Amino acid sequence: MAENIFEHIEREHRQIVGLLEQLSSSYDRSTFDRLNTTLQAHTQAEEESLYPAMRSQESEMIERAEKEHAHVRELLKELKASGGDSSILTRLTQTIDEHVREEEGEMFAVARGLFDQSKIEQMSEKFEEVDHRITQQI
Ligand SMILES: [Fe+2]
Ligand SMILES: [Fe+2]
């Protein structure tokens, strides 16, 4: 069976954390570009698949998560403009670590209780489609 949305999101989280570790040991533009592309696609895919499906039941949780995505995008811009400022990288890493913990913890626990198998498959397809589309666009 294909990877479901939860497995896909968790796999990308591990990639993102790995790229952040790489950047903190030595910053270079091509690693930044990979991180940026992965994060833009990942956050957009969540915002078009899992988040809208949960909004009516968990509006506060989803609003908070969207604000964190906006903060991540802002920090990516600042990091790029600074050419790799280490304090911005630290703030980005902390913001992402906390966000990932919330998603894989509370958010996934709630989501697993809300959705049946066919809804999970539908969201998984949507996540993959958006993730792929944005990755091609950047
Ligand atoms: Fe995520
Ligand atoms: Fe997220």
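**Helix packing and cores**

Reply: H1 passes H5 in a left-handed crossing. Bear in mind that this is a predicted model.

Me: What angle do H1 and H5 pack at, and how far apart are their axes?
Reply: The angle is about 160 degrees, and the axes of H1 and H5 are 11 Å apart. H1 and H5 are therefore roughly antiparallel to each other.

Me: Which residues make that contact?
Reply: From H1 they are Phe-6, Ile-9, Glu-10, His-13, Ile-16, Leu-20, Leu-23 and Ser-24. H5 contributes Leu-89, Thr-93, Ile-96, Val-100, Glu-103, Glu-104 and Phe-108.

Me: And H1 against H2, at what angle do the axes cross?
Reply: At roughly 150 degrees, with the axes coming within 10 Å. That angle is over 145 degrees, so H1 counts as roughly antiparallel to H2. The crossing of H1 and H2 is left-handed. Among the residues in contact are Ile-9, Ile-16, Leu-20 and Leu-23 of H1, and Phe-32, Leu-35, Leu-39 and His-42 of H2.

Me: Staying with H2, which of its residues are buried?
Reply: Leu-35, Leu-39, Ala-41, His-42, Thr-43, Ala-45 and Glu-46. The elements covering them include H1, H3, H4 and H6.

Me: How far does H2 reach?
Reply: H2 has 20 residues and spans 28 Å from its first C-alpha to its last, close to the 28 Å expected at 1.5 Å a residue.

Me: Then H4. What is its span?
Reply: H4 has 24 residues and reaches 35 Å between its first and last C-alpha, close to the expected 34 Å. Its buried residues are Ile-62, Ala-65 and Leu-79, and the cover over them includes H2, H3 and H5.

Me: What does the backbone do just after H4?
Reply: Gly-83 takes a positive phi there, about 70 degrees.

Me: How do H4 and H5 pack?
Reply: The angle is about 155 degrees and the axes are 10 Å apart. H4 and H5 are therefore roughly antiparallel to each other, and their crossing is left-handed. The contact includes Val-72, Leu-75 and Leu-79 of H4, with Leu-89, Leu-92 and Ile-96 of H5.

Me: Switching to the cores. How many residues are in the largest nonpolar one?
Reply: It has 13 residues, and those with the most contacts inside it are Ile-5, Leu-50, Tyr-51, Met-123 and Phe-127. H1, H2, H3, H4, H5 and H6 each supply at least two residues of this core.

Me: Which helix gives the largest share?
Reply: H3, with three residues.

Me: What is Met-123 in contact with?
Reply: Leaving aside neighbours within four places in sequence, Met-123 is in contact with Ile-5, Ser-49, Leu-50 and Ala-53.

Me: What lies apart from that core?
Reply: Another core, of eight residues, including Leu-23, Leu-79, Leu-92 and Ile-96.

Me: Last one, Arg-55. Where is it?
Reply: Arg-55 is in the loop between H3 and H4.

Me: Why does Arg-55 count as partly exposed?
Reply: Because it has 13 C-beta neighbours inside 10 Å. A residue with 12 or fewer would be exposed, and one with 20 or more would be buried.

Me: And how far is Arg-55 from Ser-82?
Reply: Their C-alpha atoms are separated by 35 Å, with the two residues 27 apart along the chain.

How values were computed
Residues numbered from 1 in each chain as written. Chains lettered and ligands numbered in written order. Predicted model: local features only at pLDDT ≥ 70, side-chain atom pairs only at ≥ 80, totals over all residues. Core = buried A, V, L, I, M, F, W, Y, C linked by C-beta atoms within 7 Å. Helix = DSSP H or I, 4+ residues; strand = E, 2+ residues; numbered from the N terminus. Contact = placed C-beta atoms within 7 Å. Expected span 1.5 Å × (residues − 1). Axes fitted to C-alpha atoms, helices over the stretch in contact; angles between N-to-C directions. Parallel < 35°, antiparallel > 145°, perpendicular 65-115°, else oblique. Left-handed = near helix turned anticlockwise from the far one by under 90°.
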